[in-house]
Amino acid sequence: MDCIDGMKQLLKQGITVDCIITDPPYNISVEGKEIKRDKPNTKTARKTSIKFDFGEWDKMDNAEFEKFIEEFVSLACQLLKPGGAVLCWFTKEKISWLADLFNKNGIKTKTIITWHKTNPTPQFRITNYLSASEFCFYGIKEGGKYTFNFEKQNDMHNVIDYPNASIYGETEHPTEKPLYIINKLVRTHTNEGDLILDCFMGSFTTAVSCHKLQRQFIGFEKDAKFYEMGSARLKKAQSQLSIFDMGVKI
């Protein structure tokens with residue numbers, strides 16, 4: 001279902017969550033834009049063509065989009081427990097606007113996490129820098145103690161170097177986030193048994209991560225194709241023998 005309807009239902013039921021990890025639409029799709037890769041050279045080879053038209057879900061009127069994000073932020077903040085973390089991916093053009101929205105709803109900004117893509121889309125016209133980064137807002141709801149499971153110093157930079165999963169990912173979702181990165185966020189900001197909300201499940205990466213790391217989750221996805229695709233991915237992960245079943249700690 002649509003996340004706005006879903007979050008309203010959760011509020012009526014009195015449900016709260018320990019953490020929100022989500023990846024809303026950026027509203028940056030370009031109608032029909034695609035770079036064909038039928039004869040890629042070795043330096044720019046990719047498994048598929050590069051699409052900049054992500055789908056109708058990413059093509060709202062700007063005013064409609066801003067109203068939608070404002071309502072999403074308001075409801076999400078109401079569902080989050082005091083001390084809970086918000087980790088929300090967003091377009092670079094509006095990440096500061098998103099941070100302001102969260103701040104106005106009782107979320108204190110901690111940092112902006114940068115994902116540095118080690119395999120960015122090549123610049124064929126060589127007229128600009130390669131677009132090699134995406135950004136994730138990280139904030140804490142005021143009024144409670146928050147979880148932050150600090151690992152080694154070199155592992156806790158607010159810049160994460162990792163390839164783009166939408167090129168080499170596990171599903172056909174055009175904006176799939178790497179499981180490696182989501183696992184890192186889940187481990188750092190939650191503990192086993194915590195309840196995580198993903199309002200835009202997409203490729204179900206957060207759901208798979210929660211399963212693997214023994215967290216609970218609630219998620220919403222309104223696109224039937226992505227829901228079926230993501231559900232199949234989650235069922236596959238659930239059917240595989242977990243390292244927890246073998247008594248191995250990570």
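Colleague: Is Tyr138 buried or exposed?

Modeller: This is a predicted model, to start with. Tyr138 has a relative accessible area of 4%, so it counts as buried.

Colleague: Which ring does Tyr138 pair with, and how?

Modeller: Tyr138 forms a stacked pair with Phe148, at 6.3 Å centre to centre and 25 degrees between the planes. Tyr138 lies in strand β6 and Phe148 in the loop between β6 and β7, so the pair ties together parts 10 residues apart in sequence.

Colleague: Where is Tyr146 found?

Modeller: Tyr146 is in the loop between β6 (133-141) and β7 (159-162). Its relative accessibility is 36%, so Tyr146 counts as partly exposed.

Colleague: How many aromatic pairs are there?

Modeller: The count is 11. One of them is Phe68 with Phe200, edge-to-face at 6.0 Å centre to centre and 75 degrees between the planes.

Colleague: Which parts of the chain does that pair link?

Modeller: Distant ones: Phe68 is in helix α2 (residues 62-79) and Phe200 in the loop between β8 (195-198) and α6 (205-212), 132 residues apart. Phe68 and Phe200 are both buried.

Colleague: Which rings are linked into a cluster?

Modeller: Tyr26, Phe65, Phe90 and Trp97 are, through ring pairs.

Colleague: Change of topic: what sits over the ring of Trp115?

Modeller: The charged end of Lys117, 5.0 Å from the ring centre. Lys177 likewise lies over the face of Trp89, 5.4 Å from the ring centre.

Definitions and conventions. Residues numbered from 1 in each chain as written. Predicted model: local features only at pLDDT ≥ 70, side-chain atom pairs only at ≥ 80, totals over all residues. Heavy atoms only, no water. Helix = DSSP H or I, 4+ residues; strand = E, 2+ residues; numbered from the N terminus. Buried < 20%, exposed > 50% of the residue type's maximum accessible area, 1.4 Å probe, protein only. Phe/Tyr/Trp six-rings, centres within 6.5 Å; stacked < 30°, edge-to-face > 60°. Lys NZ or Arg CZ within 6 Å of the ring centre and 35° of its normal.
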